[in-house]
Amino acid sequence: MKKIIKKQSSNGNLEEEVFPEITSVKISGSVIERFFEEVSSLTIFALRFFKEIVKPPFEFNEMLKQSFQIGYRSLPLVGITGFIIGLVLTIQSRPTLAKFGAESWLPAMVAVSIIREIIPVITALIFAGKVGSGIGAELASMNVTEQIDAMKVSCTNPFKYLVVTRVLSATLMLPLLVVFADIIGLLGAFVGVNLKGSVSSYLFFSQIFQSLEFIDIFPAFIKTFFFGFAIGIIGSYKGYNSYKGTEGVGKAANSSVVFGSLMVFIIDMIAVQITSFFQN
Amino acid sequence: MTTEATPLKGNNNKRNNMIVVEMIHVKKSFGENQVLCDINLVINKGENLVILGKSGTGKSVLIKCIVGLDILDDGKLVILGKNISELNDKELMVIRRKIGFLFQSGALYDSMTVRENLEFPLRRQLITIPKEKMDMLIKEALEDVGLAETIDLSPSELSGGMRKRLGLARTLILKPEIMLYDEPTTGLDPITSKEISSLILEVQKKYNTSSIIITHDINCAKLTADRIIVLKDGICAAEGSYSDLKNSTDAWIQAFFE
């Protein structure tokens with residue numbers, strides 16, 4: 001389809017000017033534009049976090065409250081998930097290892113899989129679903145009901161009080177939750193191993209500790225800080241900058257989970273590349 | 001009645017003539033939408049100024065500019081003798097502490113109880129306040145608005161009128177010199193609206209505050225206004241007392257009183 005525009009020429013006659021249809025280019029242009037706008041404003045938001053975190057006053061009480069909400073209240077969900085992952089992974093891996101006569105490697109293989117990759121990533125995804133969406137929805141709802149404006153007029157820095165405390169709590173709590181889920185996951189694996197056989201806890205855990213190395217534990221632990229930070233900052237960004245109205249609250253919660261989860265995979269991919277580089 | 005945008009002098013006879021807020025040729029737009037075109041107004045100490053106008057004429061934007069939630073595009077805003085555009089962040093914070101803002105929705109913190117809602121501004125601004133003094137201030141603020149018995153309830157357990165009154169108590173606890181009310185009676189029944197209007201008057205008498213009241217409620221305007229300004233197309237289109245405007249021959253102004 002072509003676009004025709006009628007223009008008046010200098011001699012007063014109407015002239016037709018024909019333009020090619022450019023809708024698709026416009027759409028893709030605006031999508032790319034919006035993507036870069038979003039990335040740049042998220043980066044500015046994250047930089048503001050680092051600026052505000054070192055500036056007094058420090059909101060210790062609110063941070064403790066948020067750490068309790070984000071960390072302690074997530075323990076049951078993370079614990080149950082960790083146990084099931086350990087149990088299921090053991091049950092599923094046993095037949096394959098048995099085929100190759102390597103059943104005795106089961107505890108070591110499960111432990112390495114759980115600690116290096118599965119528990120950190122699955123816990124982070126659950127964390128994005130529970131905590132990321134919670135932060136996004138809460139801040140968006142505060143935005144809609146003018147609570148953030150009310151903080152501003154009572155001389156409180158809402159960014160410091162709401163965003164810094166939540167992002168910091170998410171960054172510090174996720175690694176602890178992952179350690180907790182690792183322990184519960186290994187217990188699940190122990191139960192899984194003993195469903196078809198009899199292995200003492202001493203033998204099981206000594207096999208695990210013999211197979212695990214520093215390079216298995218340390219990078220897996222460090223990357224969870226980045227997962228927690230990404231989930232916290234994306235949830236806060238989406239909530240704090242939500243559009244007014246109830247639709248905005250839903251969108252903020254939803255996009256917090258979607259982008260938080262996506263960032264977990266991206267960070268994981270980068271972390272694996274860096275770890276592999278040092279291993280080689 | 002003024003029909004064009006000239007600096008308005010206020011009701012100088014009634015109060016002690018000290019100007020607390022002055023807006024001179026104030027302009028504010030959002031994108032291509034020019035909301036405030038050329039606002040000129042003054043508010044004297046202890047005066048209640050009501051701003052009337054159709055929805056979307058920039059009434060709320062005007063008071064948000066005063067409290068610093070929106071930034072002016074152009075013009076001069078003088079609060080308590082200080083030109084806002086010339087102040088640094090610290091000086092601006094000092095001015096902000098003297099301004100109370102009652103939001104249309106009350107803007108209560110849902111995750112906090114009534115007591116915590118009142119404690120919040122006190123803790124932020126009077127960091128070293130002793131517990132006994134804080135309890136006394138909270139009790140006094142709640143008694144002022146008739147909500148003493150709700151201290152341990154959460155905002156979700158309060159009615160619309162109670163939420164408005166609690167919002168007012170939270171603002172009053174810091175003893176502001178200037179009060180800004182954003183549609184204080186919207187969504188309330190006529191009896192509760194009258195109670196809120198009476199409360200605005202009581203607050204003015206007790207704390208000698210100067211107030212700007214944004215409202216569509218003509219009964220609220222009648223009860224509370226020392227002076228009324230009508231906004232139209234981003235300018236102050238008319239000014240006068242309630243009776244001046246009620247007796248106006250302008251059909252557009254008369255429409256507010258029908």
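**Before you start**

Residues are numbered from 1 along each chain as its sequence is written, while chains are lettered from A and ligands numbered from 1 in the order in which they are written. Since the model is predicted, local features need pLDDT of at least 70 and side-chain atom pairs count only at pLDDT 80 or more, whereas totals for chains, interfaces and linings use all residues.

**Stop 1: chain A as a whole**

Select chain A and colour it by secondary structure.

Chain A has 280 residues, and 38% of them count as buried. A residue is buried if 20 or more other C-beta atoms lie within 10 Å of its own, exposed if 12 or fewer, and partly exposed in between, with C-beta atoms placed from the backbone. Of the contacts in chain A with a separation of 6 or more, 82% are between residues 24 or more positions apart. Two residues are in contact if their C-beta atoms, placed from the backbone, lie within 7 Å.

**Stop 2: the two domains of chain A**

Now give residues 1–55 and 57–279 of chain A separate colours: these are domain 1 and domain 2. The bounds come from an automatic or database domain assignment. Where they touch, 7 residues of domain 1 of chain A are in contact with 8 residues of domain 2 of chain A. The domain 1 side of that contact holds 5 nonpolar, no polar and 2 charged residues. Here Ala, Val, Leu, Ile, Met, Phe, Trp, Tyr, Cys and Pro count as nonpolar, Asp, Glu, Lys and Arg as charged, and the others, Gly among them, as polar.

Next, select A:Pro56 and A:Pro57. The peptide bond from A:Pro56 to A:Pro57 is cis, with omega near 0°. A:Pro57 sits in the loop between α1 (23–53) and α2 (60–70) of chain A.

**Stop 3: a helix pair and a loop in chain A**

Select residues 75–99 and 158–195 of chain A, which are helices α3 and α6. Their axes come within 6 Å and cross at roughly 35°; axes are lines fitted to C-alpha atoms, for helices over the stretch in contact, and angles run from 0 to 180 degrees between N-to-C directions. The crossing of α3(A) with α6(A) is right-handed: a crossing is left-handed if the near helix is turned anticlockwise from the far one by less than a right angle, and right-handed if clockwise. The contact of α3(A) with α6(A) is made of 18 nonpolar, 8 polar and no charged residues.

Then pick A:Glu146, in the loop between α4 (106–144) and α5 (147–153) of chain A. A:Glu146 has a positive phi, near 65°, in a residue other than glycine. Is A:Glu146 buried or exposed? A:Glu146 counts as buried because it has 22 C-beta neighbours inside 10 Å.

**Stop 4**

Move to chain B and select helix α1 (residues 59–67), where 7 of the 9 residues are buried. Among them are B:Val61, B:Leu62 and B:Ile63. Just after α1(B) comes B:Gly68, with a positive phi of about 95°.

Select B:Val20 in strand β1 (residues 19–30) of chain B. B:Val20 has 23 C-beta neighbours inside 10 Å, so it counts as buried. Leaving out residues up to four places away in sequence, B:Val20 touches residues including B:Ile43, B:Leu80 and B:Ile178.

**Stop 5: α3 and α5 of chain B**

Show helix α3 (residues 114–125) and helix α5 (residues 160–172) of chain B, which pack at an angle of about 30° with axes 8 Å apart. That makes α3(B) roughly parallel to α5(B), a term for angles under 35 degrees. B:Val114, B:Asn117, B:Leu118 and B:Pro121 in α3(B) meet B:Leu166, B:Ala169 and B:Arg170 in α5(B).

Finish with B:Lys175, in the loop between α5 and β7 of chain B. B:Lys175 has a positive phi near 50°, and it is partly exposed, with 14 other C-beta atoms within 10 Å.

Definitions and conventions: Helices (H or I, at least four residues) and strands (E, at least two) are DSSP runs, numbered from the N terminus. Angles under 35 degrees count as roughly parallel, over 145 as roughly antiparallel, 65 to 115 as roughly perpendicular and the rest as oblique.
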